[in-house]
Amino acid sequence: MKAIVLREFGGPELLRLEDLPDPKPAPGEILIKVHSVSVNRTLDCVVRAGKYPVKVQLPHVLGADPAGEIVEIGSGATKLKVGDRVAVISAMPCQKCGRCLKGDEGNCVDGKRVGVDLWGGYAEQIAIPVRYAVRIPDNISFAEATVITRHFPMAFNLLVSKAGIRPGESVLVMGATGALGSSCVQVAKMLGATVIAGAGTDERVELAKSYGADLGINYRKHDLANEVMRLTDNQGVDVVCENISDPTLWPAAFASLALNGRLVTAGAHGGGTVALDVKRLYMRRLRIIGAAGTNLADVEKALDAAREGKIRAIIDRILPLRDAVQAHRIVEQNQIAGKIILDPTQK
Ligand SMILES: NC(=O)c1ccc[n+]([C@@H]2O[C@H](COP(=O)([O-])OP(=O)(O)OC[C@H]3O[C@@H](n4cnc5c(N)ncnc54)[C@H](OP(=O)(O)O)[C@@H]3O)[C@@H](O)[C@H]2O)c1
Ligand SMILES: [Zn+2]
């Protein structure tokens, strides 16, 4: 099969199309003909650059979120059948640690991830354990399924499990046109919140309104906290979906929280070290909550919402697998309005 192989860490030009042996499904596994896999800022570009905090073995095949059609079933993998359209759940808990054995797989820290610890979906085929495949609803394309299973489960995790959002609450979403940000905007709306989109240009603020944000602020142009207070009758927002950790943006995002507010985050690509106003934290009874990884329940929530048309995948463009170099450059240069998808079936 053809696959994009990384043999040394560095720039996008190191992604090379090569011939690899076809994978065979082991017992309990299925073989998927990949139709779609997305290019993510952290899991693809940062891993490729060799800057990911977890060690990645070379040679490596990237691709955390393949979706495609089952073409072969390993012995015992009877949950699904040949021809089923499936997406892959990237995080594969270890099934051995204390948390896994208690059924708390979402908090396993010894698991493996497709595209990081295991070879991923930048390939014509991938074999994975059947338990980490989910069937895609008929009304959703492979590319949409890739985006929906990749980003929306984390949005549900952040807003429902971590922030405990209630209808009628207000939410500020930072980076509101990013992959995770645009998912958070849509999920917060679906859950009955009033959503303020924060983004770095006027165009991106308008874009976020096109998929549901009620209000918007260009945080590179305006004083974010002042604007949030103005828009919320001086109360602030109940929840901030932060996910950036940019030292120049964090203080204002934090200062935008209402009494008893919750700031949730699953990302630090903006730097990771920020100043924290601890007096404000305790005086206003605030909470900062981190999240990493998702579980099957979040994936199912996301697919159900997509099936019912309550959320939609925002896709910038679909490129053939052999254009992985170009795809990485586009993502790194921030030239996108939605996800870049690679399709190994496109010649
Ligand atoms: N996607 C997921 O499901 C998921 C899961 C776990 C963790 N994460 C983490 O969540 C974060 C967002 O991921 P993503 O896939 O949504 O990324 P993305 O699509 O690239 O979006 C990131 C957004 O951050 C904003 N931003 C603000 N300051 C920035 C800075 N200094 N540098 C770069 N971007 C900046 C950008 O919007 P403006 O230019 O408009 O400000 C951009 O839209 C990442 O840290 C990722 O590791 C994501
Ligand atoms: Zn475990």
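Glu69 stands opposite Arg85 in S5. That is my starting point in this predicted model, where local features need pLDDT of at least 70, side-chain atom pairs count only at pLDDT 80 or more, and totals for chains, interfaces and linings use all residues. Residues are numbered from 1 along each chain as its sequence is written, and chains are lettered from A and ligands numbered from 1 in the order in which they are written.

Helices (H or I, at least four residues) and strands (E, at least two) are DSSP runs, numbered from the N terminus. Two strands pair if DSSP finds at least two bridges between them. Strand S4, residues 67-73, runs antiparallel to S5 and is joined to it by three bridges. S5 also pairs with strand S9, residues 133-135, again antiparallel and over three bridges. There, Val86 stands opposite Arg135.

Which way do the side chains of S5, residues 85-88, point? Arg85 and Ala87 go one way, Val86 and Val88 the other, and all are buried. Buried is 20 or more other C-beta atoms within 10 Å of the residue's own, exposed is 12 or fewer, partly exposed is in between, and C-beta atoms are placed from the backbone.

Next, helix H3, residues 142-162. Of its 21 residues, 19 are buried. From first C-alpha to last, H3 reaches 29 Å, close to the 30 Å expected, that is, 1.5 Å times one less than the number of residues. H3 has a kink of about 30°, centred on Ile148; the bend is the angle between axes fitted to the seven residues ending at a residue and the seven starting there. Just after H3, Gly164 has a positive phi of about 55°.

Now ligand 1. How many residues surround it? There are 24, and the closest are Thr42, Gly175, Gly178, Gly200 and Gly267; near is a C-beta atom, placed from the backbone, within 6 Å. H1 (41-49), H3 and H4 (179-190) each supply at least two residues of the shell. Domain 1 (2-140 + 313-343) and domain 2 (152-290) both contribute to that shell, so ligand 1 lies between them; the bounds come from an automatic or database domain assignment.

Last, some backbone exceptions. Most residues other than glycine have a negative phi, and most peptide bonds are trans. The bond from Leu58 to Pro59 is cis, with omega near -10°, and Pro59 is in the loop between H1 and S4. Asn260, in strand S14 (residues 257-265), has a positive phi near 65°. Asn260 counts as exposed, with 11 C-beta neighbours inside 10 Å.
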